[in-house]
Amino acid sequence: NRQIPVSVLFQDVRSPAEYEVSHLQGAVRIDPETTDVDHLVKDLGLAGSMDKTVVCYCTAGYHGSEMAEKLRRSLTQGSEQEGPGSLKVYNLEGGLVKWANESKPMVDRLGQATNLVHPYNNMWAYLVKPEFRAPL
């Protein structure tokens with residue numbers, strides 16, 4: 001069982017109901033509707049932090065991608081482009097759907113291992129393998 005380095009921060013960009021079903025261990029939930037990204041950067045201690053990697057994710061990738069872009073813009077305002085030693089921000093490709101479908105580890109609201117993922121809605125539920133799909 002591999003340990004994720006402390007320098008990787010997972011940002012779960014989903015609703016509380018989705019987060020309670022499953023999330024990546026140690027992830028911090030961020031409201032997908034967050035507009036004050038500069039305040040968020042400060043709250044998460046990301047400003048001036050060059051030794052961390054931020055990975056945003058959501059159910060399928062859309063909100064995670066949006067948040068990763070917002071964070072990148074906020075962190076690079078008034079500074080040079082990304083370079084060696086700069087904080088890196090990524091979106092988890094395929095979101096938690098892909099993660100679950102590949103049987104990777106997740107935890108529920110109690111921190112217990114789970115293989116279920118909240119599918120967001122009935123349409124997106126078809127992206128999740130039936131054995132990993134939590135009821136809506």
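Contact means heavy atoms within 4.5 Å. The model is predicted: local features need pLDDT of at least 70, side-chain atom pairs count only at pLDDT 80 or more, and totals for chains, interfaces and linings use all residues. Residues are numbered from 1 along each chain as its sequence is written, and side-chain values use heavy atoms, without hydrogens and water.

**Exercise 1.** Find what Tyr 57 touches, leaving out residues up to four places away in sequence.

*Solution.* 
- Start at Phe 10, Gln 11, Asp 12, Val 13 and Arg 14; Tyr 57 touches each of them.

**Exercise 2.** Work out the order of the strands in the open sheet.

*Solution.* 
- Strands are DSSP runs (E, at least two residues; helices are H or I, at least four), numbered from the N terminus.
- Two strands pair if DSSP finds at least two bridges between them.
- β1 (residues 8-12) and β3 pair in the parallel sense over five bridges. Asp 12 has Tyr 57 in β3 as its bridge partner.
- The four strands run β2-β1-β3-β4, with parallel pairing.
- β2 (28-29) and β4 (88-91) each have a single partner strand, so one side of each lacks a neighbour in the sheet.

**Exercise 3.** Identify which members of the largest nonpolar core touch the most others.

*Solution.* 
- Such a core joins buried Ala, Val, Leu, Ile, Met, Phe, Trp, Tyr and Cys residues through side-chain atoms within 4.5 Å. Buried means under 20% relative accessible area, exposed over 50%, partly exposed in between (1.4 Å probe, protein chains only).
- Among its 15 residues, the answer is Leu 24, Tyr 57 and Leu 96.
- β3 (53-57) and α4 (95-101) are the elements giving two or more residues. α4 gives the most, with four.
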